[in-house]
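Student: I want to learn how to read salt bridges and surface patches in a model. Where do we begin?
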Amino acid sequence: VNIHLDPLQQFITSSTTSDKIGRNGRDEAEPMIGCSENPGEHTSTKPQNKPIIQWNRKDQRRYDVSLMIFNSVLDAYSKLGSSSTGSPFDLRRNMVQSAERLLLEVAGTAPLFSPSRTDHDSTMKRSPYNVLQITQPDAYSFNIVMHAWSQLCPRLSRSHSSDDGEEGSSSTIASAAAERIHSILEMMYELSEEERAERTTYDSIAAAIEKSMNRSNDDALVSRTISPNASSYNAILTAWSNCSDRKSATKALDLFRMMLERYNISCHARDALVRNKCQNELSSSKPRRDFTAKTDSFPDSRTLVALLKSIQILSSSMEFEDALKFVDSIREFATKVDDQNEWSHARDILPPTGKRKPDRIFNVFVCNAIIRTYSNLPATTLEEYRRCCERIDDLIEILESSHSVKPDVATRGMAIHAWEKSHRFAHECSDKEAKNCAKMRSAKARVHADAILSHMQSTTSRRGLLFEKPLSIICDVIAMHGDAGETTEAEELYLRAREGNTSYVPILAAIIEALSSNAANNILHVKKAHQFLSEFENDIMKSNLRVLPDMKFTRLYNAVIAGYISSTEKTDGIELAKTLLTHMIEKHTSNPQHIARPNTTTFVKVMTALARGEDNAQQLDMLLGEMDKINNQSKLLPAELAANVVPNKVVYDLVLKSHTRSSAKGSNEHVSALLDRIKKDPNISSDDLSQIFDSHELPQRSNNDYCHGEIKQSSTNPILKSYKKMFHAHLKKRTTNGAEAAAALLHEMEDKYASGENDYRPDIYMFNTVMNAWQQCELSNTDKSISPSKKAEDLLDYVCKKREEGVECLGPNDLTFSICLHSWCKSSRRDAPKHAENILRRKIESSKENCDIVVSSMDWNSAIAKWREDPTLGPDRARKLFIEMNQRYIDSRDERSAPNVVTVNTLLDVYAKSKGEKSAEEAEAILNEIIRSYKSGEGVIVPNIISFRSCMDAWIRRREPETPKRVYSLLKSMIEFSKSERR
């Protein structure tokens, strides 16, 4: 910009002419008009001895070219300042400010060369030698700068803020830009009034006619006509419409009223009559020409669109009736203006462009803006929604009967959106009468959907291109039919929209959802949805298209399964859901590229239905086994083909509940085995494990509990039962007082057992329950004098002491250490990281003596992650833990404690949040070592996007000059790694 634009700026604003221009302002090779070719006759340098040179058509062309160059420079600055360039905000703002400074600098020379000066000094008059100095901006020059300010702010949603600088939100930037545009508009007003004061009305009209008739005389130079036109007002209205505050909308409305007032004062119809009269007087020797009356200051369609966008902000703070009348008035205004323009054109009063008819203000863009405003009015009742929708339908009917404006796809789409919005409001309402009107609303929306489909079928050559745009509109209408219970109408619309289209997954999802939601009325609706899904499956798998399994296909199968389960015929519905799930399992295991790929949600839906019945534990065990098989198979498949089937907390909870209710022999053994599996599952977090532990009471076991395969009857001591009820009642409080009471009750039971009452014997599971209660109080604890994590650690110390004393039933197990570790990880104490690492090392030492205690990857990750709270010592301690974890895995080769990508990401996050001077370099070095180890085959950890982002965060926190380069280098490395791994 500084290289190319500044010379042009100096060329225009300089007080001297180019070297190729003579001292009299013309090319020296060309003789000047009214002067002798002998330069010796004009050797005097006094200005008063120079003859007055006539202004001819060639001089006018030179003036026009200089003005065009000036406007080109302004336009270049304007484009560089637009938000669409993606440049930083400060740079764009400097470009816009440079354009404004250049405009003001050139406009500031106006008084010196004013054509109305009365002195006879020839240096002050217009002549060819000062054509560059008298170049003045026109209305287009001002409009360029105003448009540059309006484009400075990006068009963001009103709920987001701008990230381009420290100026605040997008609305704040737009408000400042609009205020700047308003200042420029006021300057145009002042210059326009100054010009009007310099000339009479007749002289201005006569000069304009002379220009239009290409006459040449000394007064033929066009004056500085910079009166604001429609483009000027549109620029500031666009800037106000980008603001989200009510004051901006009020200012936009006031500006629109000012625009109308100035237009009424100018009276273009009277002006046209006067001009025609003057034209007859000045051109009697020539045939009469049609003169185009200037109506640039009158609102056009862009004006109304920007105004309506601002009104949407203002209407939110108005009453519904006032807002509705206001929009109706704008609609009536646009209609009357078009009628008035047609009447004026028929009488040769207001011809905008010669013989052509005037452009209609009420076009399809204004119509869409009015419809959008209607649909966003602050309606609070169903009646108000209905009135808005009826206004929209009436407007579309008027457009259909019009010969000049026709509704397009966007128009009907917004009408459907308005009816759908009313439908959602009625659906949330509990009024029965409101819900009964669902059929009426769906019928209204169906009219527009049929019109859209008819338009699509009539444009067969562009059908594939146009069909994607109204696709969501058709889906909304199908959903409305489904909510109204009109399954037949929904099927008809689906079949019509599907004809000739191969990519109709969204409308297939809409019809399946509509039919499945009516399963409570008749299971045949779900069977019909299953039929549509089967047809789609056959078409896709038999086609030559390479279609891979995707989540959008899985959702279709899950919707049908959910429909079967929610039907009134429970038995048949569950059996059909199991059949469909079996079909998905078979197709995926035999062909991983089949679209019928299940996920965890698919299994959960069927297992939930089975768990509600009786004695379905065996079937749930079978489904759990199928999940394990698919999970093992997915580990060998690429990421795009692998099924996301992993047993989670919900699955385990369903199986446990089913076995708890079951009366079959061996259910308790299944519960114990499943609980042992849950504790060792790395996908189950400590919180999930705590919830499962709270939901299911673990059975107590000892060497004397079994006799010939039968479990002994538990004690029927009523005092013991009351103790257990009180114990669990305290735990359900989830407070520190409840945990304290439960711990006291536990010690009381221990004292009773020590005194000889064997029924009161506590075990490690009860201590784990109390420790878990303390863990759950950690986040909600407000009493700083009590540390729940310290209370949990005290219980751990107590059971360890009991184990050393020979009490086997109170020996700590894997869950005991895990609960205490995760409790410290939730603690906000400053020494919490040290305590968490201490518990981890105690668990490592216990695992050497007890093979049932396993230090899992989750334990290591939790301890490493806790060190992020210590920005000084955290990186060093976390790195040492990572090295120790990796070395232990190399020595033991136990996959349960193997480092994974979560471990790496946790370590990098610790470095990202530290305050070390070399933390960013060390984090990047760790990432590079992980990548090198993976590529060479020495390691199996694959970095992901979180790994790279953590390193970027570490550099961003440094805020150093080299930060952008290092972040960009990491971004390039991530892209290259992604391409090499095809992930």
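Tutor: With exposure. Buried means under 20% relative accessible area, exposed means over 50%, and partly exposed lies in between. Keep in mind that this is a predicted model. Take E179: its relative accessibility is 36%, so E179 counts as partly exposed.

Student: How many salt bridges does the model have, and by what rule?

Tutor: A side-chain nitrogen of Lys or Arg must lie within 4 Å of a carboxyl oxygen of Asp or Glu. By this rule the count is 39 salt bridges.

Student: Which residue pairs with E179?

Tutor: K251 does. The closest N and O atoms of E179 and K251 are 2.6 Å apart. E179 sits in helix α5 (residues 170–198) and K251 in helix α8 (residues 246–266), so the bridge ties together parts that are 72 residues apart in sequence. K251 has a relative accessible area of 35%, so K251 is partly exposed.

Student: Now R412. What is its partner, and how far apart are the closest N and O atoms?

Tutor: The partner is E400, and the closest N and O atoms are 2.2 Å apart. R412 belongs to helix α14 (residues 409–428), E400 to helix α13 (residues 382–401), so parts 12 residues apart in sequence are tied together.

Student: Is R412 buried or exposed?

Tutor: Buried. Its relative accessibility is 9%, and the cut-off for buried is under 20%. E400, at 37%, counts as partly exposed.

Student: Which residue does R841 bridge to?

Tutor: To E884, with the closest N and O atoms 2.8 Å apart. R841 is partly exposed, at 32% relative accessibility.

Student: Which residues are linked with R841 and E884 in a network?

Tutor: E837, R877 and R888. Together with R841 and E884 they are linked in a network of salt bridges.

Student: On to patches. Which residues make the nonpolar surface patch?

Tutor: First the idea. Patch residues have over 30% relative accessible area and no salt bridge; nonpolar side chains are joined within 5 Å. Here Y968, L971 and I975 make a nonpolar patch of about 280 Å².

Student: Where is Y968, and is it buried or exposed?

Tutor: Y968 is in helix α40 (residues 963–981). Its relative accessible area is 51%, so Y968 is exposed.

Notes
Residues numbered from 1 in each chain as written. Predicted model: local features only at pLDDT ≥ 70, side-chain atom pairs only at ≥ 80, totals over all residues. Heavy atoms only, no water. Patch = residues over 30% accessible without salt bridge, like charges linked within 9 Å, V, L, I, M, F, W, Y side chains within 5 Å. Areas by Shrake-Rupley, 256 points an atom, 1.4 Å probe, with all protein chains shown as cover. Helix = DSSP H or I, 4+ residues; strand = E, 2+ residues; numbered from the N terminus. Buried < 20%, exposed > 50% of the residue type's maximum accessible area, 1.4 Å probe, protein only.
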